[in-house]
Amino acid sequence: MRIALINENSQAAKNEMIYNSLKKVADTKGYTVDNYGMYSAEDSNSLTYVQNGILAAILLNSGAADYVITGCGTGEGAMLALNSFPGVICGHVCDPSDGYMFAQINDGNAIAMPFAKGFGWGAELNLEYTFEKLFSEASGQGYPRERAIPEQRNKKILDVVRENNLKDILTCLKGLDQELVKGAVGGEKFGELFFANCKDESIAEYVKSLLA
């Protein structure tokens, strides 16, 4: 699994802590973590939580990432932004039980965490334990297990509803302010990470046109 970490401007100073906690868990699973920044509050390319959603959608829909870890001060804005796009199912996750139940019941591909609210003493431990539970088992197995069949049925219904209601990703991206999208892919290491792992040529060509 290839996991992407994305931080917006208000919590960018915590990027290294979040990355280290995530990588510690990912390494035990043999997963790869790509850190898309922001890397510090002083980064020249500043991301808003809305741009977190744009970047996450590009990464997930192109196959450049299998999972996205993101957030903002409360995690709410980032969750809403990510869920505005096709191909992204993002949960609001605050603690290990949230992580485990989101993975098992909702079977999504992204989480948004609060990196300011309740983020005090022991915050790095909560991050590590949450990532451990999020990735502890194959997702979508149900919780509790005796509820697996109706939960899996509901997830399939949700997938059909989203497919009906949400446009294809390129239509979404091209309908936005292109400077907003360009800013979302303007990170220091974006090109290095994205183009090496992108599996969708049409999305790659679109992104190249933005960066030209």
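Cysteine 172 counts as buried, at 13% relative accessibility. In this predicted model, the cysteine sulfur closest to that of cysteine 172 belongs to cysteine 90, 16 Å away, which is too far for a bond. Cysteine 90 also counts as buried, with a relative accessibility of 6%. The closest cysteine sulfur to that of cysteine 90 is in cysteine 72, at 9.6 Å, again too far for a bond.

| Cysteine | Relative accessibility | Closest cysteine sulfur |
|---|---|---|
| cysteine 90 | 6% | cysteine 72, 9.6 Å |
| cysteine 172 | 13% | cysteine 90, 16 Å |

A disulfide requires two cysteine sulfur atoms within 2.5 Å. Searching the whole structure gives zero disulfides.

The largest nonpolar core has 41 residues, and the members that touch the most others are Tyr36, Leu55, Ile58, Leu59 and Phe194. Two or more residues each come from helices H2 (49–62), H3 (76–82), H7 (169–174), H8 (178–184), H9 (190–197) and H10 (201–211), and from strands E3 (67–72) and E5 (110–114). H2 gives the most to this core, namely seven residues.

Which residues is tyrosine 36 in contact with, leaving aside neighbours within four places in sequence? They are Ala4, Leu5, Ile6, Leu55, Leu59, Phe190, Leu193 and Phe194. Of these contacts, Leu55, Leu59 and Phe194 are also listed with Tyr36 among the residues that touch the most other members of the largest core.

Methods
Residues are numbered from 1 along each chain as its sequence is written. This is a predicted model: local features need pLDDT of at least 70, side-chain atom pairs count only at pLDDT 80 or more; totals for chains, interfaces and linings use all residues. Side-chain values use heavy atoms; hydrogens and water are left out. Buried means under 20% relative accessible area, exposed over 50%, partly exposed in between (1.4 Å probe, protein chains only). A nonpolar core is a set of buried Ala, Val, Leu, Ile, Met, Phe, Trp, Tyr and Cys residues joined through side-chain atoms within 4.5 Å. Helices (H or I, at least four residues) and strands (E, at least two) are DSSP runs, numbered from the N terminus. Contact means heavy atoms within 4.5 Å.
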